[in-house]
Amino acid sequence: VTRPDKPVGRKGILTPSATKLWAEKNNIPVATPATLKKDAEDRISLINHIGHINPDLAVVSDYGLIIPEKIFNLPKFGTINVHFSKLPDLRGPSPVQFTLLRGDDEIWATVFKLENPPELEIKMDSGPIIFQQPYSILPVDTTESVYRRVFSMSSQIVVNAINTIDNLPLKDQDHSKATFCRFLTKEDGFIE
């Protein structure tokens, strides 16, 4: 499952995600829902697709849409997510960019289980933590270089979680310490 093709570059050429390209190259069926909002045809289709596959586990990373509980609970062992911050710090869609904007000298990879704690109003990125690992930020790093390096290095964390999925060490987040980031805007790029 990945995002739909999107326009890229000055000419706005419709371009598939790297996930879609890899899946197609390896003859893996791909779903590209544009929305997961309640009663949307894309959401209903995805629920049917995942239900038909009947997976043991789903792994999410940098997806960009809020995944409804009905979807993330479909796999036998649920869904785990890779998030690039030391949760509960920087919950939300742009943790790498906000880590760089804050001038931090390290970035964290957190693997956590998707859950919606009923007591929370904002449930995004709030599930129990499986594993966290810090990585240094280099003076020459950009968002792209951090993503590439941390995706590559944190992949073993995900493999370890998958290999121990029936006995994961889950640690609840301290929700009182949660901070949030948002989607960046053009104004965020302004330098005085």
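The exercises below concern aromatic rings in a predicted model. Local features need pLDDT of at least 70 and side-chain atom pairs count only at pLDDT 80 or more, while totals for chains, interfaces and linings use all residues. Residues are numbered from 1 along each chain as its sequence is written, and side-chain values use heavy atoms, with hydrogens and water left out.

**Exercise 1.** Classify the ring pair of F84 and Y147, and state where its two residues lie.

*Solution.* Rings of Phe, Tyr and Trp (its six-membered ring) pair if their centres lie within 6.5 Å, and planes under 30 degrees apart count as stacked, over 60 as edge-to-face and the rest as tilted. The centres of F84 and Y147 are 5.9 Å apart and the planes stand at 70°, so this pair is edge-to-face. It links distant parts of the chain, since F84 belongs to the loop between β4 (79–83) and α4 (95–102) and Y147 to helix α5 (residues 143–163), 63 residues apart; helices (H or I, at least four residues) and strands (E, at least two) are DSSP runs, numbered from the N terminus.

**Exercise 2.** Classify the pair of Y147 and F151, then decide whether each residue is buried, partly exposed or exposed.

*Solution.* With 5.9 Å from centre to centre and 20° between the planes, Y147 and F151 are stacked. Buried means under 20% relative accessible area, exposed over 50%, and partly exposed in between (1.4 Å probe, protein chains only). Y147, at 15% relative accessibility, therefore counts as buried, whereas F151, at 32%, counts as partly exposed. Finally, ring pairs link F84, Y147 and F151 into a cluster.
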